[in-house]
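Please examine the sequence and the structure shown here before reading on.

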Amino acid sequence: SWTTGNVIEEQVEAIRAQVGDKRAICGLSGGVDSAVAAALVQKAIGSQLTCVYVDHGLMRKGETEQVEKDFVASTGVNLKVVDAEERFLKALAGVSDPEEKRKIIGREFIRVFEQAQAEIIADEGPAVEFLVQGTLYPDVVESGGGTGTANIKSHHNVGGLPEDLEFQLIEPLRKLFKDEVRMVGQELGLPEEIVQRQPFPGPGLGIRIVGEVTKERLDLLREADAIAREELTAAGLDRDIWQCPVVLLADVRSVGVQGDGRTYGHPIVLRPVSSEDAMTADWSRLPYDVLAKISTRITNEVRDVNRVVLDVTSKPPGTIEWE
Ligand code: XMP
């Protein structure tokens, strides 16, 4: 029968048998999947695992700190943090096309990650043979691994691995859905804020800015996103929604009036959705007073934003993310 205890026990045994006395590397994205995958592998092989966290500067407010402090404290994992914000911003300069952004972010991510890997191997010798991936069942299916369906968006955590990969993959979550992953994470003792965190795409806020990605725009979006998350949590809605992307329409301006003056600012889109597995989704019917609070706070507190709009599209036809 399916219990989180059984899943953990089975995976721990399988991972130990697979890895033996070799070593493994795991990329942490700040999301639930990689955190739970890492915690499982850590439970199986302890200090034979090293985690790498690439801070690409496209994270939400507070996320890097959460990985560096809370995740490490609860698992005792070896963590190497790489600050690559400048490198990513430079590579993204002038780029507005969504697929182009995804490719650049995926490519830079692999480069930075490979460099970190090389450093770890230089430190620890040739025994580093395994790479941990937080691939879930829906990722496998959406990338064509399960059913032969076409890859809808280039998910860099599944399809984007380099071809000359010398690592063997450990994918302990490959048969699980998101809610099961959360249960496993909880059982493993991970902090609530990490286990209950909304899904967040690998390319981060880079694909939540419609238009070019700049540091200034990222900072605006980070503020707006933090306000939305804060109010959704305060209203007790975290468990009712699957995720709520907050999107900055950086290429759009509209006229507004704030204080005594006319403004010409950008809209922020709220995209709250309900879903079981992200393959389909419905827009969430959030209470109007919560939406009103988020709208008032964002327009008051975030510079250059003078309008907040709500996305009422299901998936299909809309994807959850805007890019
Ligand atoms: P879409 O926009 O395709 O998103 O409806 C489905 C789910 O996948 C997440 N997503 C990603 N996750 N890397 C990821 O790890 C990615 O490149 C990526 N793109 C989208 C999205 O947040 C939603 O939960």
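## Strand pairing

Strand β7 pairs with strand β9 (residues 261-270) in the antiparallel sense, over 3 bridges. Strands are DSSP runs of E with at least two residues, helices are DSSP runs of H or I with at least four residues, and both are numbered from the N terminus. Two strands are said to pair if DSSP finds at least two bridges between them. Within this pairing, V247 has V269 in β9 as its bridge partner.

Strand β7 (residues 246-249) is also joined to strand β6 (residues 209-210), by 2 bridges, and these two strands run parallel. Here the bridge partner of V210 is L249 in β7. In a regular strand, side chains alternate between the two faces of the sheet.

## Basis of the model

The model is predicted: local features need a pLDDT of at least 70, side-chain atom pairs count only at pLDDT 80 or more, and totals for chains, interfaces and linings use all residues. Residues are numbered from 1 along each chain as its sequence is written.

## Overall form

The protein has 10 helices and 12 strands. Its radius of gyration is 20 Å, close to the 20 Å that the globule rule gives for 323 residues, so the protein is as compact as a globular protein of that length. The radius is taken over C-alpha atoms, and the globule rule is 2.2 Å times the number of residues to the power 0.38. Along the principal axes, the C-alpha atoms fill a box of roughly 70 × 45 × 40 Å.

Of the 323 residues, 38% are buried. A residue is buried if 20 or more other C-beta atoms lie within 10 Å of its own, exposed if 12 or fewer do, and partly exposed in between, with C-beta atoms placed from the backbone. Among contacts between residues at least 6 apart in sequence, 76% join residues at least 24 apart. Two residues are in contact if their C-beta atoms, placed from the backbone, lie within 7 Å.

## Two domains

The domain assignment gives domain 1 (4-195) and domain 2 (208-310); such bounds come from an automatic or database assignment. The centres of the two domains, taken over C-alpha atoms, are separated by 28 Å. Their contact takes 14 residues from domain 1 and 11 residues from domain 2.

On the side of domain 1 that touches domain 2, the elements giving two or more residues are α4 (85-92) and α6 (137-142). The residues of this side divide into 6 nonpolar, 3 polar and 5 charged. In this division Ala, Val, Leu, Ile, Met, Phe, Trp, Tyr, Cys and Pro count as nonpolar, Asp, Glu, Lys and Arg as charged, and the others, Gly among them, as polar.

## Nonpolar cores

A nonpolar core is a set of buried Ala, Val, Leu, Ile, Met, Phe, Trp, Tyr and Cys residues joined through C-beta atoms within 7 Å. The largest core has 68 residues, of which A24, C26, A35, V36, A38, V41 and A224 touch the most other members. Helix α2 (residues 32-45) contributes the largest share of this core, 10 residues. Domain 1 and domain 2 both give residues to this core, so the core lies between them.

Which residues are in contact with V36, leaving aside its neighbours within four places in sequence? They are G134, L173, V181, V184, G185, L188 and L190. A second, separate core of 5 residues includes W242, A278, A281 and I320.

## Backbone features

A278 has a positive phi of about 75° although it is not a glycine. This residue lies in the loop between β10 (273-274) and β11 (282-283), and A278 counts as buried because it has 20 C-beta neighbours inside 10 Å. D304 likewise has a positive phi of about 75° without being a glycine. D304 is placed in the loop between α10 (288-301) and β12, and with 14 C-beta neighbours inside 10 Å D304 counts as partly exposed.
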